[in-house]
Amino acid sequence: MSDRFAKTPEPPYYAVMFTNQASSDAAGYSKMADLMVELAAKQPGFLGVESVRDETGFAITIFYWQDEESIASWKANSLHLGAQKQGMKRWYEHYELRVAKIERAYSGPEGRELG
């Protein structure tokens, strides 16, 4: 299995899905994005991350978390708050953030249910 897939536990757990369209001002974005992944990985309750960006600057990043308390702690992290402000001000033309509870998961290609 590729290292691009998060190695999540058996459900339930949570996903924070961040979808965005980059603005024309991308200076410093990649470095900050890498720093945020490193920082998130050190947070209690972090389970993994998956992320893709296409050539037009459209991206989807999914952070997986153990519980809602872990998500709230990450959201309140001061460095993360600073990155959010930079993103809203400079890096994102538009974004959507969604939070979901994962109750079932499957792995393939054989379609084996996890949990």
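Which residues make the nonpolar surface patch of about 380 Å²? In this predicted model, where local features need pLDDT of at least 70, side-chain atom pairs count only at pLDDT 80 or more, and totals for chains, interfaces and linings use all residues, the answer is Met-88, Tyr-95, Leu-97 and Val-99. Residues are numbered from 1 along each chain as its sequence is written, and side-chain values use heavy atoms, with hydrogens and water left out.

A patch here takes residues with over 30% relative accessible area and no salt bridge, nonpolar side chains (Val, Leu, Ile, Met, Phe, Trp, Tyr) being joined within 5 Å and like charges within 9 Å. A salt bridge puts a side-chain nitrogen of Lys or Arg within 4 Å of a carboxyl oxygen of Asp or Glu. Strand β4 (residues 92–102) supplies the largest share of the patch, three residues. Tyr-95 sits in strand β4 and, at 34% relative accessibility, counts as partly exposed, the class between buried (under 20%) and exposed (over 50%), with a 1.4 Å probe and protein chains only.

As for the overall fold, there are three helices and six strands, read as DSSP runs (H or I, at least four residues; E, at least two) numbered from the N terminus. Along the sequence they run β-α-β-β-α-α-β-β-β. Of the contacts (heavy atoms within 4.5 Å) with a separation of 6 or more, 72% join residues 24 or more positions apart. Buried residues make up 33% of the 115. The accessible surface (Shrake-Rupley, 1.4 Å probe; for residues, only the protein chains shown count as cover) comes to about 7,700 Å², 55% of it belonging to carbon and sulfur atoms.
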